Amino acid sequence: MQTETVGTFSLDDNVWQGVTLTDSAASQVKTLMQQDPEVKGLQLSVKQSGCAGFAYVLDLTKQPASDDLVFEHDGAHLYIPLKAMPFIDGTEVDFVREGLNQIFKFNNPKAQHACGCGESFGL
């Protein structure tokens with residue numbers, strides 16, 4: 001497991017910018033971590049889905065994989081499977097409240113388009 005909070009790093013000849021958490025997202029991740037002492041953080045990955053191609057997948061993780069990259073902000077841990085990095089590198093993860101709704105939002109500079117319902121994105 002590799003921890004990186006600032007700058008870029010190289011792994012297997014790839015240079016990754018990393019993934020960042022806003023203060024709001026970090027606060028929400030820490031809240032989720034506090035609800036179960038076994039939870040180490042959130043895992044962010046992608047899967048093929050929807051009309052645009054890919055969807056983000058967020059899961060609580062108790063046992064990160066040995067090849068997960070971990071990004072930390074203010075005590076919150078975000079684990080990224082190495083295979084997902086080409087799709088989400090450079091993404092900023094935010095947590096916003098819109099009326100009664102609360103949701104994680106992904107500001108991904110690699111996303112070229114999104115489907116109309118906002119469930120998937122394409123590169």
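This is a predicted model: local features need pLDDT of at least 70, side-chain atom pairs count only at pLDDT 80 or more; totals for chains, interfaces and linings use all residues.
**Entry 1: L42 and its strand**

I started with L42 and found it opposite L78 in β8. That belongs to the pairing of β5 with β8, which is parallel over two bridges. I count two strands as paired if DSSP finds at least two bridges between them. Strands here are DSSP runs of E, at least two residues, and helices are runs of H or I, at least four residues, both numbered from the N terminus.

Residues are numbered from 1 along each chain as its sequence is written, and side-chain values use heavy atoms, with hydrogens and water left out.

Next I looked at what else β5 (residues 41-49) pairs with: β6 (residues 53-61) runs antiparallel to β5, over nine bridges.

**Entry 2: the open sheet**

What is the strand order in the open sheet of three strands? I read it as β4-β9-β10, with mixed pairing. β4 (20-21) and β10 (101-107) are the edge strands, each pairing on one side only. β4 and β9 (residues 92-98) pair in the parallel sense over two bridges, and I found T20 opposite E92 in β9.

Helix α1 (residues 23-35) lies across β4, β9 and β10, at about 85 degrees to β9. For that angle, axes are lines fitted to C-alpha atoms, for helices over the stretch in contact, and angles run from 0 to 180 degrees between N-to-C directions. Contact means heavy atoms within 4.5 Å.

I stopped at D74, which has a positive phi of about 55 degrees although it is not a glycine. Most residues other than glycine have a negative phi. D74 is in the loop between β7 (69-73) and β8 (76-80). Buried or exposed, I wondered about D74? D74 counts as exposed, at 54% relative accessibility; the cut-offs are under 20% relative accessible area for buried, over 50% for exposed and partly exposed in between, with a 1.4 Å probe and protein chains only.

**Entry 3: whole-chain numbers**

I get two helices and twelve strands, in the pattern β-β-β-β-α-β-β-β-β-α-β-β-β-β along the sequence. Of the 123 residues, 41% count as buried. Among contacts with a separation of 6 or more, 54% come from residues 24 or more positions apart.
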